[in-house]
Amino acid sequence: MLRRHAKIIRLIEIAGEVSGRKKLQKMVYIAKQLDVDFDERFEFHMYGPYSEELTLRVDELCNLGLLDEQVETKGAIHMYRYSLNENGRDFLRFHEVDFGQGEQVIQRMNEENSRFLELVSTILYFSHLSYEEMKAKIFTFKSKQRYSEEEIQKGLLFIEELRALIKVNPANLM
């Protein structure tokens with residue numbers, strides 16, 4: 001059980017800080033789809049793939065004082081920022097987590113905004129469909145986001161970029 005919590009803490013440590021609950025959800029989903037070692041189950045939700053398990057684990061980690069959660073309020077919108085604190089660092093000393101090349105994927109994803117990661121996660125969720133079917137699902141389920149075909153193409157290229165990062169193995173370069 002604690003191993004699953006340690007993976008989330010390690011992701012935050014690698015990222016430095018994650019801005020937004022939605023972004024954290026998408027980062028874990030995308031990483032999992034690229035065979036980075038995460039266990040959470042996901043279902044399709046209003047903002048794309050969503051894991052209630054992940055939400056509960058993050059809440060537990062914050063309540064246990066292993067992650068810091070800062071809330072910024074701008075009108076009716078609440079923005080959450082997650083960062084690792086000293087208690088979380090101590091916890092990781094007893095629960096080693098090595099994502100291998102997945103660490104580069106986590107860093108790269110954190111450079112993108114949550115809207116784009118929402119698109120990328122949705123592309124991956126519907127990746128079993130043909131391109132035209134996947135595109136139709138995005139235009140239907142994500143109509144409020146008004147994604148363009150150009151953005152979908154950018155999302156597909158981003159997935160390939162992440163897959164290339166996973167395949168890089170320093171042992172193969174020697």
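User: Is Arg57 buried or exposed?
Analyst: In this predicted model, Arg57 counts as buried, because its relative accessibility is 11% and the cut-off for buried is under 20%.

User: Where is Arg57 found?
Analyst: Arg57 is part of helix α3, which covers residues 52–63.

User: What is Arg57 in contact with, leaving aside its neighbours within four places in sequence?
Analyst: With those neighbours set aside, Arg57 is in contact with Arg4, His5, Ile8 and Glu40.

User: Staying with α3, how do the axes of α2 and α3 cross?
Analyst: Helix α2 is residues 21–33, and its axis comes within 11 Å of the axis of α3. The two axes cross at roughly 120 degrees. That angle makes α2 oblique to α3.

User: Which hand does the crossing of α2 and α3 have?
Analyst: The crossing of α2 and α3 is right-handed.

User: Which residues meet there, α2 with α3?
Analyst: From α2 there are Leu24, Gln25 and Val28, and from α3 there are Leu54, Thr55 and Val58. By class, this contact of α2 with α3 has 4 nonpolar and 2 polar residues, with no charged ones.

User: What about α2 and α6, how do their axes cross?
Analyst: The axes of α2 and α6 come within 9 Å and cross at roughly 35 degrees. The crossing of α2 past α6 is left-handed.

User: Which residues of α2 and α6 meet?
Analyst: On the α2 side they are Lys22, Lys23, Lys26, Met27, Tyr29, Ile30 and Gln33. On the α6 side they are Ser114, Leu117, Glu118, Val120, Ser121, Leu124 and Tyr125. By class, the contact of α2 with α6 has 7 nonpolar, 3 polar and 4 charged residues.

User: Which residues of α2 are buried?
Analyst: The buried residues of α2 are Lys23, Leu24, Gln25, Lys26, Met27, Val28, Tyr29, Ile30 and Ala31.

User: How far apart are the end C-alpha atoms of α2?
Analyst: They are 19 Å apart. At 1.5 Å a residue, the 13 residues of α2 should span 18 Å, so the two values agree.

User: What follows α2?
Analyst: Asp35 follows α2, and its phi is positive, near 70 degrees. Asp35 is a residue other than glycine. Its place is the loop between α2 and β2, where β2 is 43–45.

User: Is Asp35 buried or exposed?
Analyst: Asp35 is exposed, because its relative accessible area is 71% and exposed means over 50%.

User: Now Arg146, what is its phi?
Analyst: Arg146 has a positive phi of about 55 degrees, although it is not a glycine. Arg146 sits in the loop between α7 (131–141) and α8 (149–167). With a relative accessible area of 71%, Arg146 is exposed.

User: Changing topic, which residues of α5 are buried?
Analyst: Helix α5 is residues 102–110, and its buried residues are Gly102, Val105, Ile106, Arg108, Met109 and Asn110.

User: What covers the buried residues of α5?
Analyst: The cover includes α1 (2–15), β1 (18–19), α2, α6 (114–125) and α8.

User: How far apart are the C-alpha atoms of Leu165 and Val105?
Analyst: They are separated by 6.4 Å, and the two residues are 60 residues apart along the chain. Leu165 is in helix α8, while Val105 is one of the buried residues of α5.

User: Which residues is Leu165 in contact with, beyond its neighbours within four places in sequence?
Analyst: Leaving those neighbours aside, Leu165 is in contact with Gln101, Gln104, Val105 and Arg108.

Conventions: Residues numbered from 1 in each chain as written. Predicted model: local features only at pLDDT ≥ 70, side-chain atom pairs only at ≥ 80, totals over all residues. Heavy atoms only, no water. Axes fitted to C-alpha atoms, helices over the stretch in contact; angles between N-to-C directions. Helix = DSSP H or I, 4+ residues; strand = E, 2+ residues; numbered from the N terminus. Parallel < 35°, antiparallel > 145°, perpendicular 65-115°, else oblique. Left-handed = near helix turned anticlockwise from the far one by under 90°. Contact = heavy atoms within 4.5 Å. Nonpolar A, V, L, I, M, F, W, Y, C, P; charged D, E, K, R; others polar. Expected span 1.5 Å × (residues − 1). Buried < 20%, exposed > 50% of the residue type's maximum accessible area, 1.4 Å probe, protein only.
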